[in-house]
There are 2 protein chains.
Amino acid sequence: MKQGADLQTLVGYRVQRANLLMETDARAALSDFDLSPAKMTALILIRDNPGCDQTALGRALSINRSSAMKLVNILADKGFVERRPGRDLRTNALALLPEGARQLEKMVAAVRRSDARMTQRLSADELATLHDLLARLGPATGLSDDEG
Amino acid sequence: MKQGADLQTLVGYRVQRANLLMETDARAALSDFDLSPAKMTALILIRDNPGCDQTALGRALSINRSSAMKLVNILADKGFVERRPGRDLRTNALALLPEGARQLEKMVAAVRRSDARMTQRLSADELATLHDLLARLGPATGLSDDEG
DNA sequence: TATTGTTATACTCTATAACTATA
DNA sequence: TATAGTTATAGAGTATAACAATA
């Protein structure tokens, strides 16, 4: 199939194809854990932000609180995270449980191996450049990607 | 929300965030057309590969022929593409209809504006570098190791 | 009034399996 | 046997709308 200039010159298209490639491999790397890359990301965020609430987690993942609810249900059903009393009576404080921490360590190692394999044709300098360029995508007025 | 080194150093994570950013903006740019960026891509592929069959279209989009079927149904229902007799009695030859071509031209222009806005902080050289680096993601090629 | 969690519901996208008709 | 299209069904992921409890 021919893919002409209209597609090849769109950065969004190239990013989408790259994402599909990376995501598919990362998902395969996690097949033993029955968790998607996105759910691993959620575990990392909970680990690194202990006591965060579901709405904040959703915001960090760019999903709404209803979707975050489902996500936390799945992680809680697996015994990986726990809902604890939060800063007021409305909010949950999310906590990573020991079993979640153990499994997460293995998951991150597996995904890191996948990431390394998929980027092995790039030098360290090129990888740094790629990180920088990706981080600078977005409208001119926008802030960095971890800004609320 | 803190996003520690585990996330920030994964290329797959950065690509996923970049894709979400680009895809969301492109989707908004297409809101008048009631078609997703992926469906616009399908229209482009049909336009640039007239007479292709549904299975080949699916392969180019990395979806299976059942999913390609649904996609073509939607594009056909809108009067944008047509199934014509193919090279044998099993296959369809997909064709972009005049109305599809007219709308596609506007869609590509809108997505191109979105793409330009989301990449405006990158110079022409940097854009070329980004294209190159994204294209080089994936497992090592060319040698006997685990090439399929 | 606004916010958090929750539930119910629905939509998009994709996949698998099976069937048909061709090859 | 293998392939293209098709259909039915299912699953993941997400969204909206509403509600209760709380702020």
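**Notebook: protein around DNA strand C**

I began with DNA strand C and found 22 residues surrounding it, the closest being Thr55(A), Arg65(A), Arg90(A), Lys39(B) and Asn64(B). Of the atoms of DNA strand C that come within 4 Å of the protein, sugar and phosphate make up 55%. I note that this is a predicted model.

For Arg90(A), I read 2.8 Å between a polar side-chain atom and a base oxygen of DNA strand C. For Lys39(B), I read 2.5 Å between a side-chain N or O atom and a phosphate oxygen of DNA strand C. I then listed the elements that give two or more residues to the surface near DNA strand C: α4 (54–61) and α5 (65–77) of chain A, and α5 (65–77) of chain B.

I sorted the residues of that surface by class and got ten charged, nine polar and three nonpolar.

I turned to the two protein chains. Chain A can be laid on chain B by a turn of 180° with a shift of 0.0 Å along the axis, at an RMSD of 0.2 Å. The two copies are therefore related as by a two-fold rotation axis. I also checked the interface: 95% of the interface residues of chain A are interface residues in chain B too, so the copies meet through the same surface.

Last, I looked up the record. An unreviewed UniProt entry annotates residues 8–139 of chain A as "domain: HTH marR-type". In the model I find this span to be 65% helix and 8% strand, with its end C-alpha atoms 21 Å apart.

How values were computed
Residues numbered from 1 in each chain as written. Chains lettered and ligands numbered in written order. Predicted model: local features only at pLDDT ≥ 70, side-chain atom pairs only at ≥ 80, totals over all residues. Heavy atoms only, no water. Least-squares fit on C-alpha atoms with pLDDT ≥ 70 in both. Contact = heavy atoms within 4.5 Å. UniProt positions renumbered as here; feature names shortened; annotations may be inferred. Helix = DSSP H or I, 4+ residues; strand = E, 2+ residues; numbered from the N terminus. Near = heavy atom within 4 Å. Polar contact = N/O pair within 3.5 Å; in protein donor to acceptor, adjacent residues only side chain to side chain. Nonpolar A, V, L, I, M, F, W, Y, C, P; charged D, E, K, R; others polar.
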